[in-house]
Amino acid sequence: MSQDAAIRLRLPPAFELKSQTCADKADNRDNSDYFVTMAERSEHREQSPSEQSLTGATEARGLEALISRAARAGKGPAPVERWNPDFCGDLDMEIKADGTWFYLGTPIGRMPLVQLFSSVLRKDADGKTYLVTPVERVGIRVVDAPFIAVEMNVSGSGDDQIVTFRTNVGDVVAAGPGHPLRFVDEDETGGLKPYVLVRGRLEALVARPVMYELVEHGEEIDIGGTTMFAIRSGGEVYPVMPAAKLKRLSA
């Protein structure tokens, strides 16, 4: 979808809820406190740089206001898995491999805004990632994982060991049932990329310094007759690689 055809998000005080938009599909009985205003651009003439800047600022404010309502700011992630709104097109928003969020090609520097966006993220079975509210679903681009695990803590030992991660957007998750770890071979470097499931299908890539700390808590464990180097957490065992391979790499 081109930017000209994209659905515009506006601040509620300036506009009334439009008809014949994605907003019409909202269940007003269950979401009466969500007021989303969307309007399609009525003019398709080329805009001047100043007009484009103003449009981008308006969109950002409107999107921020929309998501702040949907996320119930300060009360954790929104129940996006329960919402099934219409798809309203793709938004020019991207999460880079280092976890930096970009909107209209510009980094989003306000962490509270990034946290609001992250609270209404959902990755669907089609492999695509969306910002979801009760009345609309817009696609965004994710280069790798939507979150980065930037800190970890280990408590206990053996079967009682628990590895807890903090993400760059403030999620705190303990690896274990419901939040598994997985390790992916990085072909271009020969290294590993660990991921932890945060919620839904959304994962956090474990930052490299944190990964080095994580593997210090690994151990050799027999899994299906093969000695594996693995990580224990929350009563689960997560294989990293065969112990023999690790020894070859470490030689």
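Student: Why does Arg-141 count as partly exposed?
Tutor: In this predicted model, Arg-141 has a relative accessibility of 39%. Buried means under 20% and exposed means over 50%, so 39% puts Arg-141 in between, as partly exposed.

Student: What makes Arg-141 and Asp-92 a salt bridge?
Tutor: Their closest N and O atoms are 3.2 Å apart. The cut-off is within 4 Å, for a side-chain nitrogen of Lys or Arg and a carboxyl oxygen of Asp or Glu, so the pair qualifies. The two residues belong to distant parts of the chain: Arg-141 is in strand 8 and Asp-92 in strand 3, 49 residues apart.

Student: How do you know that Glu-94 also forms a salt bridge with Arg-141?
Tutor: Here the closest N and O atoms are 3.6 Å apart. That is within 4 Å, so this pair counts as well. It again links strand 3, which holds Glu-94, to strand 8, which holds Arg-141.

Student: Is Glu-94 buried or exposed, and why?
Tutor: Glu-94 has a relative accessible area of 15%. The limit for buried is under 20%, so Glu-94 is buried.

Student: What makes Lys-96 part of a network?
Tutor: Lys-96 forms a salt bridge with Glu-94, at 2.7 Å between the closest N and O atoms. Bridges with shared partners join Asp-92, Glu-94, Lys-96 and Arg-141 into one network.

Student: What else does the charged end of Lys-96 do?
Tutor: It sits over the ring of Phe-102, 5.2 Å from the ring centre. The distance limit is within 6 Å, so 5.2 Å passes that part of the test.

Student: Why is the pair of Trp-101 and Phe-117 called stacked?
Tutor: The centres are 6.0 Å apart, with 25° between the planes. Trp-101 is in strand 4 and Phe-117 in helix 2.

Student: How do you know whether Trp-101 and Phe-117 are buried or exposed?
Tutor: Trp-101 has 2% relative accessibility, and Phe-117 has a relative accessible area of 2%. Both values are under 20%, so both residues are buried.

Conventions: Residues numbered from 1 in each chain as written. Predicted model: local features only at pLDDT ≥ 70, side-chain atom pairs only at ≥ 80, totals over all residues. Heavy atoms only, no water. Helix = DSSP H or I, 4+ residues; strand = E, 2+ residues; numbered from the N terminus. Buried < 20%, exposed > 50% of the residue type's maximum accessible area, 1.4 Å probe, protein only. Phe/Tyr/Trp six-rings, centres within 6.5 Å; stacked < 30°, edge-to-face > 60°. Lys NZ or Arg CZ within 6 Å of the ring centre and 35° of its normal.
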